[in-house]
Amino acid sequence: MSQHARGRLAVLAVSTVLLGAASSAAAPAVVPERAPVSQPPLPAHGSPSIETSLFFGTARPDGGPAVTDRQFRAFVDRFVTPHFPDGLTVQAGRGQYRDAHGTIERERSYELTLFYPTSQARRHDPAIERIRRAYAERFGQESVARVDDRALVDF
């Protein structure tokens, strides 16, 4: 091999090494894919149900006195229990929201949880909406939040 050919080969080898180093420095590292971890199926207990959560604030936007525990319990007894005599859960909490005027309001609140079979969802929906309207009207609230989720329920 001539001196000239060896020189070209050396330049080609150095160029290949430099190009390879430059491209690997700029390219993202290749991470081998991991096989998904198989998880055992969750046990399925219970019947298909709807979980409805209603969130009731206690501060009155007009500045009147806050809804008391006694007033809220009386409301549940009169407006909720007749529609859901099989059971319900009430939890006290602290909430906040932005009111219609853009002010962040912080207040004592209640979360009411109801469970009922999915087959009864259409039947219960009007009652739930009446409960929401009754509370808003009775205690001067802008709204009562509602969240519906599907769940498997077993008692």
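1. Basis. This is a predicted model, in which local features need pLDDT of at least 70, side-chain atom pairs count only at pLDDT 80 or more, and totals for chains, interfaces and linings use all residues. Residues are numbered from 1 along each chain as its sequence is written, and side-chain values use heavy atoms, with hydrogens and water left out.

2. Confidence. pLDDT is the predictor's confidence in each residue, from 0 to 100. The chain averages a pLDDT of 83, and 77% of the residues score at least 70. Confidence is highest in helix α2 (residues 69-80), at a mean of 98, and lowest in helix α1 (residues 3-26), at a mean of 41. Over residues 1-25, pLDDT stays under 50. For residues 1-25 the model has two contacts beyond four places in sequence; a contact means heavy atoms within 4.5 Å.

3. Layout. The chain has three helices and four strands, arranged along the sequence as α-β-α-β-β-α-β. These elements are DSSP runs, numbered from the N terminus: helices are H or I with at least four residues, and strands are E with at least two. Among contacts between residues at least 6 apart in sequence, 71% join residues at least 24 apart.

4. Burial. Of the 155 residues of the chain, 23% count as buried. Buried means under 20% relative accessible area, exposed means over 50%, and partly exposed is in between (1.4 Å probe, protein chains only).

5. Tyr-135. Where does Tyr-135 lie? Tyr-135 lies in helix α3. Tyr-135 counts as buried because its relative accessible area is 0%. Its side chain reaches the backbone oxygen of Gly-57 at 2.6 Å. Such a polar contact is a pair of N or O atoms within 3.5 Å; within protein, one must be able to donate a hydrogen and the other to accept it, and residues adjacent in sequence count only if both atoms are side-chain atoms. Phe-75 is 60 residues from Tyr-135 in sequence, and 7.7 Å from it in space, C-alpha to C-alpha.

6. Thr-58. Thr-58 counts as buried because its relative accessibility is 2%. The side chain of Thr-58 reaches the backbone oxygen of Arg-108 at 2.6 Å. Beyond four places in sequence, the residues touched by Thr-58 include Ala-66, Val-67, Glu-107, Ser-109 and Tyr-110.

7. Ala-59. Is Ala-59 buried or partly exposed? Ala-59 counts as partly exposed, because its relative accessibility is 24%. Ala-59 lies in the loop between β1 and α2. Leaving aside neighbours within four places in sequence, Ala-59 is in contact with Glu-107 and Gln-141. Ala-59 and Phe-139 are 80 residues apart in sequence, and 8.7 Å apart in space, C-alpha to C-alpha.

8. Gly-140. The loop between α3 (121-139) and β4 (145-153) holds Gly-140. At 38% relative accessibility, Gly-140 counts as partly exposed. Its contacts, apart from residues up to four places away in sequence, are Pro-61 and Tyr-135. Gly-64 is 76 residues from Gly-140 in sequence, with 9.0 Å between them in space, C-alpha to C-alpha.

9. Largest pocket. On a 1 Å grid over the protein atoms alone, a pocket is an open set of points where a 1.4 Å probe fits, with protein on both sides within 12 Å along at least five of seven lines; lining residues have an atom within 4 Å of a point. The largest pocket has a volume of about 320 Å³, where volume is the space filled by probe spheres set on points joined across faces, edges and corners. Among its 19 lining residues, Asp-86, Phe-115, Tyr-116, Pro-117 and Phe-155 lie nearest the centre. β3 gives the largest share of this lining, five residues.

10. Second largest pocket. This pocket holds about 230 Å³ of space. It is lined by 13 residues, and Phe-55, Phe-56, Gly-57, Tyr-97 and Glu-107 are the closest to its centre. β1, β2 (89-98) and β3 each give two or more residues to this lining.
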